[in-house]
Amino acid sequence: MSLELMQRTVSLDSFRTLQVMTGPLQLTFVTSAVDAKTLPNSPAEVAVVGRSNVGKSSLINALANHKQLARVSKTPGRTQLINLFSMPNGSTLVDLPGYGYAAVPGRVKQGWQKMIEGYLLDREELVNVFVLVDGEIGPTKLDVQMLTWLRASEIPHTVVATKHDKVKSAKRATRKKDLAAGCMLEPGDIVWVSASKGVGIEQLRSLVYSHLTL
Ligand SMILES: Nc1nc2c(ncn2[C@@H]2O[C@H](COP(=O)(O)OP(=O)(O)OP(=O)(O)O)[C@@H](O)[C@H]2O)c(=O)[nH]1
Ligand SMILES: [Mg+2]
């Protein structure tokens with residue numbers, strides 16, 4: 001192959017890669033499970049955790065540009081199982097039940113907490129956890145507990161602030177600083193998103209691709 005032709009092929013390849021790396025995630029629902037031990041193997045996995053109603057399922061739908069992939073609800077506690085979605089290369093994304101939903105009876109709550117903790121500690125294929133924090137009101141005490149626990153357990157994670165559209169533009173700079181400080185992080189460490197307005201979705205997709213490209 002001539003040098004010129006080779007260069008053209010290379011640049012076409014990188015163009016294709018770029019295209020694949022920036023589109024909506026091509027997610028397919030695989031299964032729901034109560035226990036991480038029954039989940040199928042995966043080459044690499046990213047999980048989404050966060051307080052009930054913070055916008056985990058909406059975010060997964062926005063990443064996939066698919067409104068009904070993960071179930072969304074105004075009532076907290078909608079997602080009650082570990083839901084697994086796969087990418088075309090077999091890598092996976094997980095939607096977990098939310099923590100801190102007051103209206104759930106204590107016994108059920110403990111069961112969910114065991115499910116989430118068990119999953120996070122046992123799932124060997126986990127490469128990163130997106131910890132969703134409500135951009136308008138977060139971090140809550142439970143969010144800080146979760147972050148402290150993830151740090152102590154040495155589980156790699158990224159803080160994602162949701163519902164960017166609900167923060168008035170005049171208050172955004174202060175809110176960004178406060179939310180980061182509450183998480184013991186710098187503002188630049190946090191990815192801000194709005195599932196309803198599409199803010200930050202492309203950036204988060206790139207992050208998912210960077211973790212799940214094999
Ligand atoms: N304004 C606004 N509302 C949002 C956004 N994302 C989610 N919501 C709303 O927040 C509510 C909860 O969204 P879900 O995606 O079901 O939240 P979840 O974290 O999956 O909740 P659980 O499954 O109960 O843990 C719904 O009424 C959504 O429409 C957003 O970016 N902006
Ligand atoms: Mg949900």
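**The whole chain**

Colour the chain by secondary structure and trace it from the N terminus: the elements run α-β-β-α-β-β-α-β-α-β-α-β-α. That makes six helices and seven strands. Keep in mind that this is a predicted model. Of the 214 residues, 36% count as buried.

Seven of them form an open sheet, in the order S1-S3-S4-S2-S5-S6-S7, and the pairing is mixed. The edges are S1 (28-33) and S7 (191-192), each pairing on one side only.

S6 and S7 pair in the parallel sense over two bridges. Select Val160 and look across: Val191 in S7 stands opposite.

**Strand S2**

Next, select residues 45-50, which are strand S2. On one flank, S2 pairs with S4 in the parallel sense over four bridges. Pick Glu45 to see one link to S4: the bridge partner is Thr92. S2 also pairs with S5, again in the parallel sense, over six bridges. Here pick Ala47, whose bridge partner in S5 is Val129.

Why is S2 described as largely enclosed by the rest of the structure? Six of its six residues are buried, so the strand is largely enclosed. In a regular strand the side chains alternate between the two faces of the sheet. Show the side chains of S2 and check each face. Glu45, Ala47 and Val49 lie on one side, Val46, Val48 and Gly50 on the other, and all are buried.

**The nonpolar core**

Stay on Val48. Not counting residues up to four places away in sequence, Val48 touches Lys56, Leu59, Ile60, Val94, Asp95, Leu96, Phe130 and Leu132. Now show the largest nonpolar core, which has 44 residues. Val48, Val131 and Leu132 touch the most other members. At least two core residues come from each of S2 (45-50), H2, S3 (82-86), S4 (92-95), H3, S5 (126-134), S6 (157-162) and H6 (201-212). Which strand gives the most to this core? Select S5: six of the core residues are there.

**Helix H2**

Select residues 56-64, helix H2. Eight of its nine residues are buried, so H2 is largely enclosed by the rest of the structure. The buried ones are Lys56, Ser57, Ser58, Leu59, Ile60, Asn61, Ala62 and Leu63. Show what covers them: the cover includes S2, S3, S4, S5, S6 and H6. Step past the end of the helix to Asn65, where phi is positive, near 55°.

Continue into the loop between H2 and S3 and stop at Val72. Is Val72 buried or partly exposed? Val72 has 18 C-beta neighbours inside 10 Å, so the residue counts as partly exposed; buried would need 20 or more. Draw a line from Val72 back to Ser58. The two are 14 residues apart in sequence, and their C-alpha atoms are 6.0 Å apart in space.

**Ligand 1**

Show ligand 1 and the 24 residues around it.

**Trp112**

For the last stop, select Trp112 in helix H3 (residues 106-122). Trp112 has 22 other C-beta atoms within 10 Å, so the residue is buried. Leaving out residues up to four places away in sequence, Trp112 touches Pro97 and Tyr99. Trp112 and Ile82 are 30 residues apart in sequence, and 9.7 Å separates them in space, C-alpha to C-alpha.

How values were computed: Residues numbered from 1 in each chain as written. Chains lettered and ligands numbered in written order. Predicted model: local features only at pLDDT ≥ 70, side-chain atom pairs only at ≥ 80, totals over all residues. Near = placed C-beta within 6 Å. Buried ≥ 20, exposed ≤ 12 C-beta atoms within 10 Å, placed from the backbone. Contact = placed C-beta atoms within 7 Å. Core = buried A, V, L, I, M, F, W, Y, C linked by C-beta atoms within 7 Å. Pairing = 2+ DSSP bridges.
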